[in-house]
Amino acid sequence: TKALRPLLAKGIYKFLHAQHASAVLEAGTVKIGSLSHYRNLEGDQWIADKLEGRVVIEPGAITITENEDKLTPLLPHSLRNHVRAESGGTITYAPGVKITIEHPDAYIFSATIGDLTKLKDVMCRDSAERYDACIGINSIEHLAHRMFFRGRSLNLNNTRMSRLFSGFECSPVKYDILSRTTELGRAPEASPFLKDVKFEAQSEYRIAFWPRQPIAQPT
C-alpha cells in the first residue's frame, strides 16, 4: 500500500515483532485494541497501561459545601459543574478516596513518531517488549482512511470497519501526569490521545476508532 514506505531517519513507524511483519506487508492485516483491553493487560506497564483512557484524581480529605467547592478546581473543564452540594448539604471525601474519569471505550492503532535511531533504542533495546522489526508509514491519515473504508474485522465475521465504527481520528499522543493530587491543579480531559508521562519515550501517534455500539470482543 502507498501508506507504507522505506524507513527514513525521521517519520512515523510501526514497531512489531518480525514474525508478524508478513501479515502486515503481505496480507494487509493490522491489530487494533480497545482502551479497556490495554487497561486489563497483565505484566509490565509498557504495552499494558492501567491508566489507558483514564485520569485519576486523589483529592485527599476534603469537604464540599454549598458555598465552597474544593473539587471543581481539580476536575477537567468538562466536569467542573458535575459535583456540587446543594440546599446546605455537604459532600465529604475520606482520605485515600480516588475519583476515576474514564473516556468511553475506543479502539486504537498505535505507531511512533520521531527520530528512528532514538526510537529504536526505546522500542527495540530499552523496552520490556523489545520489538525486532519496524515498518515505515508514509501517511497515517491515508492508512486510517483505508482501514476504515476498506478494512474488515477478522475476529467479527469479517464485518466492515465502517459498520463497526462511526468514524476515526488521527493525532499524536500528549503526555501528562494522570494520577493527580491537589498540588497538580486541574486534571486534563481523559482521552485516547493522552497517556501518562512515564510512557513519553514511546512518542506515540495514534488512530482512534469510535464504536457505533459496545463491541463484545476485541477486533
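Partly exposed describes a residue whose relative accessible area lies between the buried limit, under 20%, and the exposed limit, over 50%; the legends below apply the term to a predicted model.

**View 1. E52 takes part in salt bridges with K195 and with R206.** Between K195 and E52 the closest N and O atoms are 3.1 Å apart, and the pair links distant parts of the chain, with K195 in strand 15 (residues 194-196) and E52 in the loop between helix 2 (35-40) and strand 4, 143 residues apart. The contact of E52 with R206 has an N to O distance of 2.9 Å, and here R206 belongs to strand 16 (residues 204-211), 154 residues from E52. K195 and E52 are both buried, and R206 is buried as well. These residues belong to a network of salt bridges that links D49, E52, K195, E204 and R206, in a structure that holds 8 salt bridges.

**View 2. An open sheet of 3 strands has the order 7-4-14.** The pairing in this sheet is mixed, and its edge strands, strand 7 (99-102) and strand 14 (179-181), each pair on one side only. The twist from one strand to the next averages 20°. Strand 4 (residues 54-58) pairs with strand 14 in the parallel sense over 3 bridges, and R180 in strand 14 is the bridge partner of I57.

How values were computed: Residues numbered from 1 in each chain as written. Predicted model: local features only at pLDDT ≥ 70, side-chain atom pairs only at ≥ 80, totals over all residues. Heavy atoms only, no water. Pairing = 2+ DSSP bridges. Helix = DSSP H or I, 4+ residues; strand = E, 2+ residues; numbered from the N terminus. Axes fitted to C-alpha atoms, helices over the stretch in contact; angles between N-to-C directions. Salt bridge = Lys/Arg side-chain N within 4 Å of Asp/Glu carboxyl O. Buried < 20%, exposed > 50% of the residue type's maximum accessible area, 1.4 Å probe, protein only.
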